[in-house]
Amino acid sequence: MRFLCLHGMGTNPQILEAQIGLLRAQLPGSNDFVYLPGEVECEAAPGVSAIYPGPYLCYYDLPTTTGVADAHDLVLAFIEDEGPFDAVIGFSQGAALASSLMLRRAKDASCAPLFQLAIFICASLPFDLDAPPVVVKKSSGGRLQFLDGTASSGGRESSQSSVGAQSILQEFHARGYNGLLEDGMHVLRRYHPKMPPGANLNMGVPTVNIVGKKDGYHQQGLSLAKLGGSRGTVVLDHGGGHEVPRDLLSVRKMTKVVQDAIEKVRFQC
């Protein structure tokens, strides 16, 4: 099985290769793992620079319309040149990017899925390129406000706080990203299984969702699992933080759910 591998923000393909090394070693059979580097340089993810050399990369540094669209184009061009791929495996931002691509493609019933299987590790909810963005409004005093980006809103503050303005603002503040935001910047909303289009949309392929209960994105990872679809969704909580588990018990559990999913896909083909 050929896997397209997408790394997390502030890492790189070599780091992801090391992160999933134990999983790869435990999977039986012949598998091919192909890694796509992000094109945007950024700061190293927490704890990474002490262990791994740079460069430290991401697919987009902020979830703006332009940034995420460029990331989509990067992956699609890579699939065109180096594919096809049977499955995708993504960690953190890589998982969010993969699921964003898959959900966008699922909106067109005439398009076949990009992959037969998706493995998401410590994922955040993906961003929706087709939803009206929220617009950054920065006061002279530096106060941030996100306004609804639809033409009919007249610049009202967005009411879609559960997946839009307020949640993005809180997340950016918690992660120290406020200084990166510029007045007038268009920031994307996340998909959510309880709100359109996520409430009526799924990826349509089996997904394995590996989450950690101590991860700040734990709840988002669980929500992403609900967007997987009816063909089979598995959730494995390794109990740790924002990391690929490396202890023997967790690796065995992770290997089993991934191998079971691979066998399911092979049986269905």
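Start with helix H6, residues 218–225. Buried here are His218, Gln220, Gly221, Ser223, Leu224 and Ala225. Buried means under 20% relative accessible area, exposed means over 50%, and partly exposed lies in between, with a 1.4 Å probe and protein chains only. Helices (H or I, at least four residues) and strands (E, at least two) are DSSP runs, numbered from the N terminus.

A word on the model. It is predicted, so local features need pLDDT of at least 70 and side-chain atom pairs pLDDT 80 or more, while totals for chains, interfaces and linings use all residues. Residues are numbered from 1 along each chain as its sequence is written, and side-chain values use heavy atoms, without hydrogens and water.

Next, strand S5, residues 87–91. Five of its five residues are buried, so the rest of the structure largely encloses this strand. In a regular strand, side chains alternate between the two faces of the sheet. In S5, Ala87, Ile89 and Phe91 point one way, and Val88 and Gly90 point the other.

What are the partners of S5? On one count, S1 pairs with S5 in the parallel sense over four bridges. Two strands pair if DSSP finds at least two bridges between them. Leu6 stands opposite Gly90 there. S5 is also joined to strand S6, residues 117–121, by five bridges, again parallel. In that pairing Phe91 faces Ile121. Between them comes helix H4, residues 93–106: S5, H4 and S6 make a right-handed β-α-β unit. Right-handed means that, with the strands pointing away from the viewer, the path from the first strand over the helix to the second runs clockwise.

Now the rings. There are three aromatic pairs. The rule: rings of Phe, Tyr and Trp (its six-membered ring) pair if their centres lie within 6.5 Å; planes under 30 degrees apart are stacked, over 60 edge-to-face, the rest tilted. Why is the pair Phe3 and Phe33 stacked? Their centres are 4.7 Å apart and their planes are at 5 degrees, so stacked it is. This pair links distant parts of the chain, with Phe3 in strand S1 and Phe33 in strand S2, 30 residues apart. Phe3 and Phe33 are buried. Phe78 and Phe85 are stacked too, because their centres are 6.1 Å apart and their planes at 5 degrees. Phe78 and Phe85 are both buried.

Back to Phe33. The charged end of Arg24 sits over its ring, 5.8 Å from the centre. The cut-off is NZ of Lys or CZ of Arg within 6 Å of the ring centre and within 35 degrees of the ring normal.

Last, salt bridges. The structure holds six. Each is a side-chain nitrogen of Lys or Arg within 4 Å of a carboxyl oxygen of Asp or Glu. Arg2 and Asp32 meet at 3.2 Å, N to O. They too sit 30 residues apart, Arg2 in S1 and Asp32 in S2. Arg2 is partly exposed at 24% relative accessibility, and Asp32 is partly exposed at 35%.

Asp130 bridges to Arg104, with the closest N and O atoms 3.0 Å apart. Arg104 lies in helix H4, and Asp130 in the loop between S6 and strand S7. Which residues form a network of salt bridges? Arg104, Lys107, Asp128 and Asp130.
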